[in-house]
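Here are my notes on the model you sent.

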Amino acid sequence: MTPTSGEGSALLYTKDVTVKYDYTHEALHPTSLSFDAGTVTALIGPSGCGKSTYLRCLNLMNREIPRCVVEGEIHYHDHDVNTPDENLFELRKSIGMVFQQPTPFRKSIRENILFAPKRHGRIKSREEADELVETSLRQAALWDEVKDKLNQSGLGLSGGQQQRLCIARTLAMKPDVVLFDEPCSALDPISTYSIEETIRSIASTGICCIIVTHNMEQATRVSDRTAFFYVGNMVETGTTKQIFSAPNDQRLANYLSGRFG
Ligand SMILES: Nc1ncnc2c1ncn2[C@@H]1O[C@H](COP(=O)(O)OP(=O)(O)OP(=O)(O)O)[C@@H](O)[C@H]1O
C-alpha cells in the first residue's frame, strides 16, 4: 500500500493534539499526524520528547494517568474519539497496544489468546476458539514453537516469545490499529528481527501499525513513514526514505547523525 495520506482518507489522524501532565506541564505541543491502513509508521526522537505520550493518545490510554489532560481531535474512522463519552472498552478492541516489557497473563498460552475475546463474548464454540488461537499465533509467527504446549504457562516462554504472545493476544481481538511502544527494547537481536518481521507481515494484512522506537535501523527496516519528535513537538514527518536520506529540519539531521540521542 502506498505510504502516504492526508487526513481525509486516513484511518486514524490527530489534529492539534496536546497533552498536559499535572494539568499544567504541556509535554506534547499541538500535533497533527495521519495514519493509513496497511502501513507502518515509526515515531522517533530523543528520550523524553513525547513519543510515548503521543502514542498513548491514539487509544486514549493517557486517560489512565491521573491529572493528565489531552486536548485536540483524535479521529478514528472519521469520528472524533477524544470526547468524554467515548467507550474505551470498545475503542481498545480496535486499537490494540503492545508494551515495552512483555506482559503475558499468568495463564496458559491458549488462555492468553482467548482471554479478551471471551470477555467480549466473541467465542461461541470450541472450534472457533481453536481456530482463533491458531490464526493469532500464526500471525505472530509463534505457532510452530508453541503448538504442542498450548496449555503451558505463557510465563514459561522466552522474552521474545512472550512478546510475540502479547502480539498474538492483541491480534486475537482483530484490531485495525496496533500501537507498539518500544516492543523490542528488552529483546536480543534475533527476537528483535522476528518481531520486526511480524510487524511487517501484520501491516501487509491491512492493519495500521505505529511503533515508538529508539533504534534508527529498526525504523528504516520496519516503517513506511516516520515522524520525528523533539522537545514535545512533532518536527518533521515524511516517508521513511525521505526522512533518513534527505531530512529538512536541522535538528532531525543532527539527531540522525548522532549529535545527540
Ligand atoms: N505519567 C507521567 N507523568 C508526568 N510526566 C510524564 C509522564 N509520562 C511522561 N511524562 C513526561 O512527559 C515528557 C515526555 O515523555 P515521553 O515518555 O512521552 O517521552 P518519550 O519520547 O517517549 O521518551 P522515551 O524515549 O525516553 O521513552 C517527559 O518530560 C516525561 O517526563
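1. Two strands are taken to pair if DSSP finds at least two bridges between them. The points below use that rule, and they concern a predicted model.

2. Strand β3 (residues 40-44) and β9 run parallel and are joined by four bridges.

3. On the pairing with strand β10 (residues 233-239), β9 is antiparallel, with six bridges. Here Ala-227 has Thr-237 of β10 as its bridge partner. The two strands form a hairpin with two residues between them, and Val-231 in the turn has a positive phi of about 45°.

4. Is strand β9 buried or exposed? Five of the six residues of β9 (residues 225-230) are buried, so the strand is largely enclosed by the rest of the structure. A residue is called buried here if 20 or more other C-beta atoms lie within 10 Å of its own.

5. A separate description is needed for the open sheet of four strands, which has the order β2-β1-β4-β5 and antiparallel pairing. β2 (25-35) and β5 (79-80) stand at the edges with a single partner strand each, so one side of each has no neighbour in the sheet. The partner of β5 is strand β4 (residues 69-76), to which two antiparallel bridges join it. His-75 stands opposite Asp-80 of β5.

6. In helix α3 (residues 109-119), the buried residues are Ile-109, Asn-112, Ile-113, Leu-114 and Pro-117. In an α-helix there are 3.6 residues a turn, so residues three or four places apart point the same way. The cover over the buried residues of α3 includes α4 (126-139), α5 (143-146) and α6 (159-171). After α3 comes Gly-121, with a positive phi near 65°.

7. Which residues are around the ligand? They are Tyr-21, Ala-27, Gly-45, Ser-47, Gly-48, Cys-49, Gly-50, Lys-51, Ser-52, Thr-53, Ile-65 and His-214. Helix α1 (residues 51-57) gives the most to this shell, with three residues. By class, the shell has four nonpolar, seven polar and one charged residues.

8. On annotation, the unreviewed UniProt entry places the feature "domain: ABC transporter" at residues 12-256. In the model, that span is 38% helix and 26% strand, and its end C-alpha atoms lie 27 Å apart.

Methods
Residues numbered from 1 in each chain as written. Predicted model: local features only at pLDDT ≥ 70, side-chain atom pairs only at ≥ 80, totals over all residues. Near = placed C-beta within 6 Å. Nonpolar A, V, L, I, M, F, W, Y, C, P; charged D, E, K, R; others polar. UniProt positions renumbered as here; feature names shortened; annotations may be inferred. Buried ≥ 20, exposed ≤ 12 C-beta atoms within 10 Å, placed from the backbone. Contact = placed C-beta atoms within 7 Å.
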